[in-house]
Amino acid sequence: ATSTELRPTMVYLAIVGKGDILLYESKLPSSTSSKPPPENQLQFIIHQALDSLDHKTWAGTNMYLKEVDRFNNMPVSAFITAGHIKFLILHHSTLEESAIKSFFTQLYRIYIKMSMSPFYLKNTPITSKIFSDRVYSAARSTFTR
């Protein structure tokens, strides 16, 4: 691929529960030309963004909080549910805000359906393959257009 072509890389998603417990993480498809940060830094970057997220959470009433932090020109965007579950994505600045908001809305619907299952214990890691497949599909349809 040449430098002007878009190469598929990733968006890093983390779902963080109460007490800042990591409930789910995934590398999702996107079409960007930037290189992602090293694998061992992804959780660190997300946890660093939680401090900024806490400040923005109480400053307004919106669930979609847009950009809450930044790492090497890569924004961390956030969405917080009514139950205070945090969705964070580390992504490339080339992603459109409308796509990010759309993905968070889809993710919220997927999360609500999963959390209503009698087999899911609240605030525990999400291990469902069906959940992962639906999240991946939502990301692919939103971020790789």
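Asp-69 stands opposite Val-76 in β4, in a model that is predicted rather than experimental. The strands behind that pair are β3 (residues 64–71) and β4 (residues 74–80), which run antiparallel and are joined by six bridges. For the bookkeeping, two strands pair if DSSP finds at least two bridges between them, while helices (H or I, at least four residues) and strands (E, at least two) are DSSP runs numbered from the N terminus. The hairpin of β3 and β4 has two residues between the strands, and Asn-72 takes a positive phi near 45 degrees there.

A word on conventions: residues are numbered from 1 along each chain as its sequence is written, and side-chain values use heavy atoms, with hydrogens and water left out. Since the model is predicted, local features need pLDDT of at least 70 and side-chain atom pairs count only at pLDDT 80 or more, whereas totals for chains, interfaces and linings use all residues.

Step back and the chain has three helices and five strands, laid out along the sequence as β-β-α-β-β-β-α-α. Of its 145 residues, 43% count as buried, where buried means under 20% relative accessible area, exposed means over 50%, and partly exposed is in between (1.4 Å probe, protein chains only). As for contacts (heavy atoms within 4.5 Å), 56% of those with a separation of 6 or more are between residues 24 or more positions apart.

Now carry on from β4 to the next strand. β4 and β5 pair in the antiparallel sense over five bridges, and Ser-77 has Ile-89 of β5 as its bridge partner. This hairpin has five residues between its strands, with His-84 in the turn. His-84 is not a glycine, yet its phi is positive, at about 65 degrees. At 35% relative accessibility, His-84 counts as partly exposed. β5 itself is mostly covered, with five of its five residues buried. Lys-86, Leu-88 and Leu-90 point one way from the strand, Phe-87 and Ile-89 point the other way, and all are buried.

Asp-20 is another spot with positive phi, near 55 degrees, in a residue other than glycine. You'll find Asp-20 in the loop between β1 and β2, partly exposed with a relative accessible area of 32%. Over in strand β2 sits Ser-26, which is buried at a relative accessible area of 17%. Leaving aside neighbours within four places in sequence, Ser-26 is in contact with Val-11, Tyr-12 and Leu-13.

What about the interior? In soluble globular proteins, nonpolar side chains tend to be buried together. Here, a nonpolar core is a set of buried Ala, Val, Leu, Ile, Met, Phe, Trp, Tyr and Cys residues joined through side-chain atoms within 4.5 Å. The largest one has 27 residues, and Phe-103 and Phe-131 touch the most other members. β1 (7–16), β2 (22–32), β5 (86–90), α2 (97–115) and α3 (129–143) each supply at least two residues of this core, with the largest share, eight residues, coming from α2. Phe-103 shows the reach well: setting aside neighbours within four places in sequence, Phe-103 is in contact with Leu-13, Leu-28, Ile-89, Val-135, Ala-138, Ala-139, Thr-142 and Phe-143. There is also a second, separate core of 18 residues, which includes Leu-42, Ile-45, Met-74 and Ile-80.

Leu-95 is buried, with a relative accessible area of 13%. Leu-95 and Phe-143 are 48 residues apart in sequence, but 7.5 Å apart in space, C-alpha to C-alpha.

Last stop, a pocket. On a 1 Å grid over the protein atoms alone, a pocket is an open set of points where a 1.4 Å probe fits, with protein on both sides within 12 Å along at least five of seven lines, and lining residues have an atom within 4 Å of a point. The second largest pocket has a volume of about 170 Å³, the volume being the space filled by probe spheres set on the points, which are joined across faces, edges and corners. Its lining includes Lys-18, Thr-81, Gly-83, Tyr-108, Tyr-111 and Lys-122. By class, that lining has five nonpolar, four polar and two charged residues, where Ala, Val, Leu, Ile, Met, Phe, Trp, Tyr, Cys and Pro count as nonpolar, Asp, Glu, Lys and Arg as charged, and the others, Gly among them, as polar.
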